[in-house]
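Hi everyone, thanks for making time for this. I'd like to walk you through a few spots in one structure, so let me put it up on the screen.

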Amino acid sequence: KLSVIDTKKDEVLTHIKLVNGAEGMREVVVSPDGKYVYATHLMARFQVPTTQIERGWINTNAISVVRVEDQKLLFTVLLDDVDLGFANPWAIDVSEDGKLLAVSSAGNHELRLIDLPAMTAKIDDAVRSMGEEAEAMHLNAHNDLSFISSVSTRVRLKGKGPRSLKVVGSKIYLAEYFSDSLGVVELNESGKTGQVSSIPVGPEIAMDQVRLGEFYFNDASLCFQNWQSCASCHSDDGRTDALNWDLLNDGIGNPKNVKSLLLSHETPPAMATGVRAMAEVAVRAGIKYIQFAVRPEEDAEALDAYLKSLKPVPSPKLVDGRLSEAAQRGEALFAREGCIQCHSGPYYTDLKLHDLGTGLGQDIGKGFDTPTLVEVWRTSPYLHDGRVVTMEEVVRVHNPFRDWNELGPMAEDEVADLADYVDSL
């Protein structure tokens, strides 16, 4: 969703729902005439099994166009080509004259230059041809890999990881994260690309194994046809896109929610059903079966080093770095209610699989990995299939240690206290 906020009153006015699968939004820009808003994001194709990657089968990359007048999603446009992804679109800007829309691919280290009036005309034609009913259903170009091919060009940058850009006159400036440089793209009088350069902004940063692993984690050139990187699903420094994906590693037709990779190497096994004995195995399987690529062992070792370097972020539930009074009461309930039997040790997991009766369909009777509760506050939804949105619901509904007939339901304040404690870890 896109949120519309009144910054004078500090209140949210409305939410604009985007196309199903739109996620990983990075930047928003308003057109100079104030008529349109453009937002960069991914288009996750989580509705289908990950049996292939050609033509954006798993992830495509897009901008959504919102009409300001009625705060309505007008169109979603793919930035990819038929056989080449524009992975992880990030920065976006419009020229002062409104003629050029520039979008960066942080995963492919590219720039897409779009003739904005021409794209707007194509959108208007498409909306008119769809009619009001189809427009209301958001039937748009989010499946058309050639929609802007005739009105845009791709520019290969000299630097790596363009995460910010600004169009200034006849030049485009880009902040290139991994090369620690300032990219400059010059445009000639006809608006075509001229010289492309990259200027170091400081001393060269040593590319140690952890830094190299972070680069590989975000680099879509490792992927066949450059459709995605590890960060496409494990966004925000290895965490989660919160979607269910059918990865085929434990059958087909039984999607699992994306897990955070924080502490994944310290809490084996990997994957919801423990089908990978350890994170090292999962990393190499991901390269082969998710990126559809063959890479040297050194690449996987660098990815391991990066993931091992990830550190938990303190919970916003903490008060001056400590448990609140409610969370302290919840800590006692955590032991009393039996949570600690499985969620034990420094990472709050016994590293075992348990069948708690939550499996559905072909997962009935399966055991599921006990997840770490460290940083669980930022990884909703919960359970292996993401069916639970809040920790309160986990405590109230999915508590296998409480005999509801003998003990009765937990009081609402106890539920809140226990959830507060878990969300503070």
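Okay, let's begin with a pair of helices. Helix α5, residues 279-289, packs against helix α6, residues 297-309, at an angle of about 125°, and their axes are 10 Å apart. That angle makes α5 oblique to α6. The crossing, where α5 passes α6, is right-handed. On the α5 side, the contact is made by E280, V283, R284 and I287. The α6 side brings in E297, A300, E301, L303, D304, L307 and K308. Sorted by class, this contact between α5 and α6 has five nonpolar residues, six charged ones and no polar ones.

Before going on, a quick word on what you're looking at: this is a predicted model. And if you're wondering about the two numbers I just quoted, packed helices are described by the angle between their axes and the distance between those axes.

Which of its residues are buried? In α5, those are A279, A282, V283, A285 and I287. The buried residues of α5 pack against α6.

Now, α6 has another partner. Helix α2, residues 209-218, packs with α6 at an angle of about 100°, with the two axes 7 Å apart. So α2 is roughly perpendicular to α6. From α2, the residues making the contact are Q209, V210, L212, G213, E214, Y216 and F217. From α6, they are D299, E301, A302, L303, A305, Y306, L307 and S309. By class, that contact of α2 with α6 has nine nonpolar, three polar and three charged residues.

In α7, the residues involved are A326, A327, R329, G330, E331, L333, F334 and R336. They meet E414, D417, L418, D420, Y421 and V422 in α10. The class count for the contact of α7 with α10 is seven nonpolar, one polar and six charged residues.

Next, two threonines. T40 is in strand β5, residues 36-44. Is T40 buried or exposed? Its relative accessibility is 0%, so T40 counts as buried. The side chain of T40 reaches the backbone oxygen of W90 at 2.8 Å. Leaving aside neighbours within four places in sequence, T40 is in contact with G24, M25, R26, E27, A62, I63, P89, W90, A91, I92 and V103.

The other threonine is T370, and you'll find it in the loop between β19 (368-369) and α8 (391-397). T370 has 6% relative accessibility, and buried means under 20%, so T370 counts as buried too. What does the side chain of T370 pair up with? There's a polar contact of 3.1 Å joining the side chains of T370 and D350. D350 also shows up among the residues T370 touches, along with C342, H343, T349, K352 and H354, again not counting residues up to four places away in sequence.

Most residues other than glycine have a negative phi, and most peptide bonds are trans. Let's see what departs from that.

First, the peptide bonds. The bond from P268 to P269 is cis, with omega near 0°. P269 is in the loop between β17 (256-257) and α5. The bond from S380 to P381 is cis as well, with omega near 5°. P381 is in the loop between β19 and α8.

Then, phi. H109 isn't a glycine, but it has a positive phi of about 60°. Where is H109? In the loop between β9 (100-105) and β10 (110-115). With a relative accessibility of 3%, H109 counts as buried.

L383 has a positive phi too, near 70°, and it's also a residue other than glycine. L383 is in the loop between β19 and α8. At 28% relative accessibility, L383 counts as partly exposed.

Key
Residues are numbered from 1 along each chain as its sequence is written. This is a predicted model: local features need pLDDT of at least 70, side-chain atom pairs count only at pLDDT 80 or more; totals for chains, interfaces and linings use all residues. Side-chain values use heavy atoms; hydrogens and water are left out. Helices (H or I, at least four residues) and strands (E, at least two) are DSSP runs, numbered from the N terminus. Buried means under 20% relative accessible area, exposed over 50%, partly exposed in between (1.4 Å probe, protein chains only). A polar contact is a pair of N or O atoms within 3.5 Å; within protein, one must be able to donate a hydrogen and the other to accept it, and residues adjacent in sequence count only if both atoms are side-chain atoms. Contact means heavy atoms within 4.5 Å. Axes are lines fitted to C-alpha atoms, for helices over the stretch in contact, and angles run from 0 to 180 degrees between N-to-C directions. Angles under 35 degrees count as roughly parallel, over 145 as roughly antiparallel, 65 to 115 as roughly perpendicular and the rest as oblique. A crossing is left-handed if the near helix is turned anticlockwise from the far one by less than a right angle, and right-handed if clockwise. Ala, Val, Leu, Ile, Met, Phe, Trp, Tyr, Cys and Pro count as nonpolar, Asp, Glu, Lys and Arg as charged, and the others, Gly among them, as polar.
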